[in-house]
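Hi,

Here is the structure I promised to pass on. Have a look at it first, and my notes follow below.

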Amino acid sequence: MLKALNIENVAVIEKADIEFSGGLNVLTGETGAGKSIIVDSINAVLGERTSKEMVRHGAENASVTAYFDTLSDDVKTKLDEMGIETEDETLIISRKISASGKSVCRINGTVCTASMVRELSPLLVNIHGQHDSQELLNPDYHYKFIDMLGVGELSGYREKFRELISIRRRLKELTKDADDKDRQLELLDYEIKELEEADIKEGEWDELKSKRNLMLNSQTVISALNSLVSAFSGDEEVSGIETVLNTCARDIEAVSTVDSELKGLFSKLEELIDGTQSVKDLAAAKLNAVEYSESELERIEERLDMYYRFSNKYGKTEDEMLSYLENAKARRSSIINSDEEIEKLNVEYDRAFSNTVKAAEALSESRKKVAKKLEDAVCAELRELDMPKIQFVTDFQKANLSSTGFDKIEFLISTNLGEPPKPLSKIASGGELSRIMLAIKNVVAAKDSVATLIFDEIDSGVSGKASRKIGYSLKRVAGFTQVLCVTHSAQIASLADSHLLISKRFEQGRTFTSVKELDYAGRKEELARIMGGLEITDTILKSAEELLKGN
């Protein structure tokens, strides 16, 4: 539901903060006050085309921000697909338009394209003006109105259609031309042979890098180990650590009988000698293990080069390379056995196609029954909307199977007795389209997931009596969904749950438009203005009050 609208520097509106309620919201005001600018602003924030002419003269930017709450599941799903997060069932869409004509859109603070907003907006708001009833003018949307009333076979059909498409997609992959198969097999054979001959082992890559590092630094390692062993062993000129410690130990042992505390010192020396021997043995063993072989280093370098090349082709790790090998074998087997699989899939496709056609026929029959109810209900609504002679007919033609069945559905009307029904786009005027849409919405309102409907001057060109009927119809729709209505009709305005007055004033040679919600007294004054024009008499005020009390 559209909760609030903030408009800044759009045409004659310098700044306006508008809050909307649930139910029927009516916008009235004198001609030229800016009612159409409100609707244009909503269109702009919903991603429709804009121009720099929208920016108020003297301002650098114009901006519109729309606040929505109580989001439908369809809206949440679409936002998830777009990767946009929501908090507390709230959605904020904003658009800034510069004086140069450039614009920036945001959804919940995330910068996005206008096309992304346009993709989301039909799930939030439907705008129906004298020149804006695209869903009615486009037959591609007509099946949706019928399906809204509940066509039980739809979900079953879609499941069978998805199965059919899945089989067809698999067949298409398997029935590529023979040359393509040969090319695939040739490539797979090469990859499988290359990976198998490589004899990849998990952990080998890191082990090879460690060995290469050791070999490249072997001279330094050998020198350090030799120095360590020499320091322990000594030579002909210099006694080693081991000899010095042994001599000291014997000397201390000899005098330990003189001072018993020297026995403890002797024990420490023995431990140190044992530790020294251990270090010497480890150093000697490592020295014997360190080897440098030009041929071995070359083998390691070649093996590492192979791993680097494979990492760009088959995966970043040995595990990924081995997985690639297994998948390549599976793909090769699938291609080799494809003829047998194609034969099986053709049988499955024929079965799935037959089941899908039967489901489409059942769906079509169900739609035709629902369509008849829709026709009767819409005609009854249109009679209430002062269109008593209208014929509203649903035309069914058979088309190719699609995700929605094989029905090509189009609404036809005849506004005059004796005239055959024709497509809406060829017959209906803007005002008639709005009333037809209102009639349809009244019929399907309880099933419609779109939370906000906007009707722009739906009463254009109709009598006061007809306006009253339109008002009651709007009121019924507003029982299920939020309705915003721009109107010049006192009869419609008197039925509002929230009445917003659009007015303009002139200050210092500039025009300013403001929006405010009217209380009871303000509503009575505004209804009297609409009914009486320039001169508001007590009689007109009384009539306005009667209109309000009559609701």
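Let's start with strand β3: it runs parallel to strand β14 (residues 498-507), and 4 bridges join the two. Strands here are DSSP runs of E with at least two residues, helices are runs of H or I with at least four, and both are numbered from the N terminus. Two strands count as paired if DSSP finds at least two bridges between them. Within this pairing, valine 26 sits opposite histidine 499 of β14.

Before I go on, a word on the source: this is a predicted model, where local features need pLDDT of at least 70 and side-chain atom pairs count only at pLDDT 80 or more, while totals for chains, interfaces and linings use all residues. Residues are numbered from 1 along each chain as its sequence is written, and side-chain values use heavy atoms, with hydrogens and water left out.

Back to β3 (residues 24-28), which also pairs with strand β13 (residues 482-486), in the parallel sense over 4 bridges. There, leucine 27 faces valine 486.

Next, the nonpolar cores. By that I mean sets of buried Ala, Val, Leu, Ile, Met, Phe, Trp, Tyr and Cys residues joined through side-chain atoms within 4.5 Å. The largest has 59 residues, and those touching the most other members are Ile146, Phe411, Ile436, Ile440, Phe455 and Leu474. Helix α14 (residues 338-384) is the top contributor to this core, with 9 residues. Apart from it there is another core, of 47 residues, including Val39 and Cys112.

There is also an open sheet of 6 strands with antiparallel pairing, in the order β2-β1-β4-β5-β6-β7. β2 (13-19) and β7 (110-112) are at the edges with a single partner strand each, so one side of each has no neighbour in the sheet. Strand β1 (residues 2-10) is joined to β2 by 6 bridges, and leucine 5 has isoleucine 18 as its bridge partner in β2.

Which strands does helix α1 (residues 35-45) lie across? They are β1, β2, β4 (61-69) and β5 (90-98), and the helix runs at about 100° to β1. Such angles run from 0 to 180 degrees between N-to-C directions, with axes fitted to C-alpha atoms (for helices, over the stretch in contact).

Cheers

Definitions and conventions: Buried means under 20% relative accessible area, exposed over 50%, partly exposed in between (1.4 Å probe, protein chains only). Contact means heavy atoms within 4.5 Å.
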